[in-house]
Amino acid sequence: MTTSRAMIPLLFFGVMVTSLSAQGLSVVDPAPVLSRPAALEVHGMSLEEALYLLGVRSGVQIAFSSDHVSESGPVGCSCANVTVGEALDSLFADTDLKYHEAPGRVIVGLGTGGFFKGAPEPQEQQRGRIAGLVISAADSAPIGFAAVQLVGRLGELGTDEAGRFELALIPGVYDITVRALGYSPSKRNRVAVVAGEVTELTFVLRRTALRLRDIVVTPSTYGILTSEAVVTQQTLTRDEINNRPHFAEDLYRSLYHLPGVVTHDVSAKLQVRGSNNNEVLQTLDGLELYEPLHLKDIGGATSIVDVESVADLDLSTGGFTAEFGDRLAGVFAMRSATPAPDRTTTTLAASLMTFTAKSQGGFAGGKGTWLVSARRGFLDVILRLMGETEKIKPTYYDVFAKTEVQLSPRHLLSVHGLYAGDSFFMLEDDDTEINSGWGSRYAWANWQADFSGVLTAHTVVSAGRVTRARAGHDVFDLEYTSRRLEVNDRATLDFYGLRQDWSLLLSEGLLLRWGFETRRASADYDYARWRLDWLPNESNPFAPPWSPWYDSLTVDMKPSGHELSAYVSGRVRPTERLTAELGLRYDFQSHTDDETLSPRANVALDITPRTTLRGAWGLFYQSHDLRDLDVMNGVTRYYPAQHAEHRILGLSHAFRNGTSIRIEAYERRISNPWPEYRDLQPEMTDVVQEEFPEHIVRVDPNRGLARGIELLVKREAGGPFAWAATYALAEAEDEIEGEWIPRPRDQRHAVHLEFAYRPTPSWSLSGGWHYHSPWPGTELNVEARTLANGDQYFEETFGPMHALRLPAYHRLDLRASRHLQLGRGRLTLFLDIFNIYGRPNVETYEYFWSFEPGRLNVFREYEDMIGMLPNIGARWEF
């Protein structure tokens, strides 16, 4: 049964609701902005703060330059019952400031400004300009190739060699940040741009020692959801992620535009460069998440970490340094948000898919912060709206909490908790039933210590439990009889651990890092399966044509063990342009008796201030984890560690006009791979995990290989329009019995095209088009055979593994967002449409056959993934 299909009726419902919501909430007050209630009561406050508060309380956008108001002394205004114009008159009584009403806003300037003398009102379409100069505080020398970013705009642009930049912008207020390697960043808030005028700005940057630990020496690294873009790696800001199309507001699906990341409509499993999901280390605030996905009965449809709880992400698709280990392919590190200590904010976010409530704030005079976030999924509601005839109820929810306390200026303590739960019930018309529950509980504490400015330590103490309980039976009706399956599966993993990471800056050009981790874990497997099948009788005419065949499997194991790992690395910067890191890692697992050493090497060479060459080489081992015993296929032993050799070379260049390009070549050679059980007819949208053996085969690879070339080009020049394009040429194969066989998600060509358009800070439109060449499949052959009594039956056999190719995959996603200022809060409405043109992308083939006298007819139909799927939602922060 397929549970996820196109929901065309919901599209029209979504468009209608979004349109009505936007119209109802964005209607401009018919009164002129200067006549609106000020609702302001301030005393002894700076003029800049008073103007900002007036804008928040009245809902009127007030454009002003900090340079014009910073010199004014404290002001007061008992303006709770007056208009905005009267409040401005009171605030500006002892200043040279004037104000002017423009469409939808008020612009503040000095009395010598052009239109404040009675010049005509600026036209809405006429632009103003910002002309900027970036210089060094030490000698006033211009700083070339600095990065200039407008908060709330798309991307950044660079200064020229003389340190100058120029922006043409629609009238309004902008926050501008300037960064350059080796300098502290500089930010100017609420810079007013007036139509037809030039605003001149000078940014003075103070030189600072470029922190050696902050230089990115690893190729294949991407920073995502960062609060501010940086100039050392490819990044995405939180605002950009929120405005990009991403199905079900899922954190993991925001990565699909990156080269090397494999996309699946239903599953959010993170697979990079042909890897399996369990070959990528996935962490939150320094703690490994053993089961990072919800709805595992249908392949893991969404992350257990809500996007509202996360501040930034780092994804490494290969060549990672020695502090990360026990994984073959990559590292996905998430860090939770740190609330502002001076205020309490609440966020409510709802869509057709999920509802999230988050609250955060500070305590102890700003020394402590807290954050609580809870989410509930609505997939069960969606299925009811789709009119599913079968009884199906998938439910998921998660809660994350965190508190931080600044014990002293150099010591920060934080305590974290994460709980995620799933329940799944389904009853089909043929009495097939499944009932499952999954749970993840994590508790951990972080202590970050800076002992002397050069010696730092990070300690993580953790404990947790991961559980699953699956029970059900499957009935498969045949022409002659029926097959039956009974399953009862329970498993538990308990763990606790300690990790410490140290760093010592011996000089500006030498950084030492070392650390260790120890962990104790115990698992409990209780699996029972009973199966009834029927065997054909082709030879004995006196026996029944079919005889029952019973099979049962019982696994009752309680394995336990401890793990120990340690690493040391040295990062050296012998010249201004060259940074290198050499590392060595040791890992031991008692339950497999694995003991491995992993050397690593990374290097970054700045060919020019805007061009960097990066390379990585290393050995990477992965042990068979206690929780990964494949008991449903009868596996009761742990395999020795598999290992891989990474070779990566990458070149990146940032053009001054905001275009950047990045190209990488990689190769991952895998040795001693584990045996796998592969489904030759995978159907992730079938919610019953079939445990009949016909489609499941064991493969024993001798070795594996993944290699390719990836290209990423972006254009983000700080204006209203931005675009990006990625292309990957890749192959991922296993050598099985002397023949190279494509891996299940091998895709030779992959293309992603993306655009974002933000005409004003209040509106944004973005889209992404995905394409990849056909995934491999396996042909199913049907043969007519004769029973001993003369009747005929049909036998299924498979052709060569993965010799067939499915149709190519492509889809277009769109997302439109509208931002509204409502009193003290901000409301965002969005419409997100997945696969807007309803492409029937194929997951597998389904076979049917019929028999006519002397002829067997075999038919093949596509099993599609998700069709067009709309989602509407709102996010209110106050």
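Is L605 buried, exposed or partly exposed, and what is its relative accessible area?

Entry 1. I began by noting that the model is a predicted one. I then looked up L605 and found it in strand β33. Its relative accessible area is 33%, so I recorded L605 as partly exposed. That label applies because the value falls between the 20% limit for buried residues and the 50% limit for exposed ones.

Entry 2. I next asked which surface patch includes L605. I found L605 in a nonpolar patch together with I607, L651, I663, I709, Y727 and L729. I noted about 520 Å² of accessible area for these residues together. Two elements, β33 (594-608) and β40 (721-736), each give two or more residues to this patch.

Entry 3. I turned to the loop between β32 (578-589) and β33, where D593 lies. I read a positive phi near 60° for D593, a residue other than glycine. I also looked up its cover: D593 has 60% relative accessibility and counts as exposed. The reason is that exposed means over 50%.

Entry 4. Which residue in the loop between α5 (238-243) and β15 (280-284) did I examine? I examined R273 there. R273 is not a glycine, yet I found a positive phi of about 50° for it. Is R273 buried or exposed? I recorded R273 as buried, since its relative accessible area is 4%, and buried means under 20%.

Entry 5. R273 is buried, whereas D593 is exposed.

Methods: Residues numbered from 1 in each chain as written. Predicted model: local features only at pLDDT ≥ 70, side-chain atom pairs only at ≥ 80, totals over all residues. Heavy atoms only, no water. Patch = residues over 30% accessible without salt bridge, like charges linked within 9 Å, V, L, I, M, F, W, Y side chains within 5 Å. Areas by Shrake-Rupley, 256 points an atom, 1.4 Å probe, with all protein chains shown as cover. Salt bridge = Lys/Arg side-chain N within 4 Å of Asp/Glu carboxyl O. Helix = DSSP H or I, 4+ residues; strand = E, 2+ residues; numbered from the N terminus. Buried < 20%, exposed > 50% of the residue type's maximum accessible area, 1.4 Å probe, protein only.
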